[in-house]
Amino acid sequence: MADHDHTDPPSDPALRVKALESLLIEKGLIDPDVVGEFADYYEHRVGPRNGAKVVARAWCDRAYRERLLANGTAAIAELQFGGLQGEEMVVLENTPATHNVVTCTLCSCYPWPTLGLPPTWYKSFAYRSRVVIEPRSVLAEFGLHLPDEVEVRVYDSNAEIRYLVLPMRPAGTDDWSEEKLASLVTRDCMIGTAVPNLPA
Amino acid sequence: MDGIADMGGMHGFGPLERADERGPFHNEWERRILGITFAALGAGLFNVDEIRRTTESADPLTYLKSTYYERWLYSAEDLLKEKGAVTAGELATGRSVTGPANNVPPVTKEIARVILEHGGTSRSADGAPSRFKSGDAVVARNIHPRGHTRLPRYVRGKCGTIVLDHGIFALPDSNSAGLGLQPQHVYGVRFTARELWGPRASERDTLQIDLFDDYLDRLAAPAE
């Protein structure tokens, strides 16, 4: 069952949201000019390009990488990223021996300052239910097939700590600039459902 | 609670669908409910643990048939009714019968920006002393609280190892129920896939989850 599949809502949510908003405005509990600010911020100011810059910096700067792994929140703040749902960041380093993948089974907790709001599939019942019990099958559906000798480590981010995966830098990128490296780092690489690949 | 939201390890939800990648919002009302919720949070009308409690308290059919932002809507409606900020009748009409509430200043644009750029952590400087340290063998308690908890069913009764201590945070179980912060340590606890899922799971794979001190017992050493 997909999160966006529904046929029989109790009533039109658009009407209910409108009623709720006008009611709270009339009561003076919310400012109508403020309501749109939150969505605007995540549509225009924040997204996975932030996380990609963090990853590329870690690939290029050994000292930054050490700071990032020791204190994710502080190192991410060095690049001016932080805020709501990124207050307690831990960065997970993929290695040849360990591949990390992140979920939140109970709701859909996600590191907003570095990745933006989560994609629909991250919030789906299929991902939340399955990735903890059959991570390799789920990763295979993303086209990621990991050898048996690699440990798949699933993180269920159900408390207040939020996780960003630091993928391995692809071979053959030694002379790449930090900016060019960042272009390889997709959102899914930082959730752990993909790895960076050189363009074919 | 042992509710429908606690779905880690359930079967039957089918393959992943990833076609839907149009950005964070699909409709204007989704943008609005996000903003309404944060404006209400910022004004102190409720807290994030209460949002999670009401969201997961939906009856299972409603939960499964609703979209992500529909669940935000239902949660905001339920919480505002619970707190006495609005009535069911007012929600139905969208009109206030009591007039303005003067005791809660609304979130301004400036405060909204502070919320977005700085957030707010439930980390605490003080709290209950830690009962565990890295390397300790622990068992997640087999408890079934009727209220909100961040201890999912699939780890209860399972044995794991403390990997790190994240520090002291407010306990969602109490903070969601108006019973105070009860700040205590949160640990990264690692379980083997086989401990959680049995002998057919990979012998190499693991799962790490952040668990509050109250969710754990020390694993007694086996008798010699």
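**Basis.** I worked from a predicted model, in which local features need pLDDT of at least 70 and side-chain atom pairs count only at pLDDT 80 or more, while totals for chains, interfaces and linings use all residues. Residues are numbered from 1 along each chain as its sequence is written, and chains are lettered from A and ligands numbered from 1 in the order in which they are written.

**Interface.** I found 81 residues of chain B in contact with 75 residues of chain A (contact: C-beta atoms, placed from the backbone, within 7 Å). Helix 1 (28–42) of chain B is among the elements that give two or more residues to this side (helices are DSSP runs of H or I, at least four residues; strands are runs of E, at least two; both are numbered from the N terminus). Helix 1 of chain B supplies the largest share, 10 residues.

**Strands between chains.** I noted that strand 3 (residues 151–156) of chain A runs parallel to strand 4 of chain B, joined by four bridges (strands pair if DSSP finds at least two bridges between them). There, A:Arg153 has B:Thr206 as its bridge partner.

**Strand 1 of chain B.** I saw antiparallel pairing of strand 1 with strand 2 of chain B over three bridges, and three bridges also join strand 1 to strand 5 (residues 216–218) of chain B, again antiparallel. B:Val139 stands opposite B:Cys159 in strand 2 and has B:Asp217 as its bridge partner in strand 5.

How values were computed
Contact = placed C-beta atoms within 7 Å.
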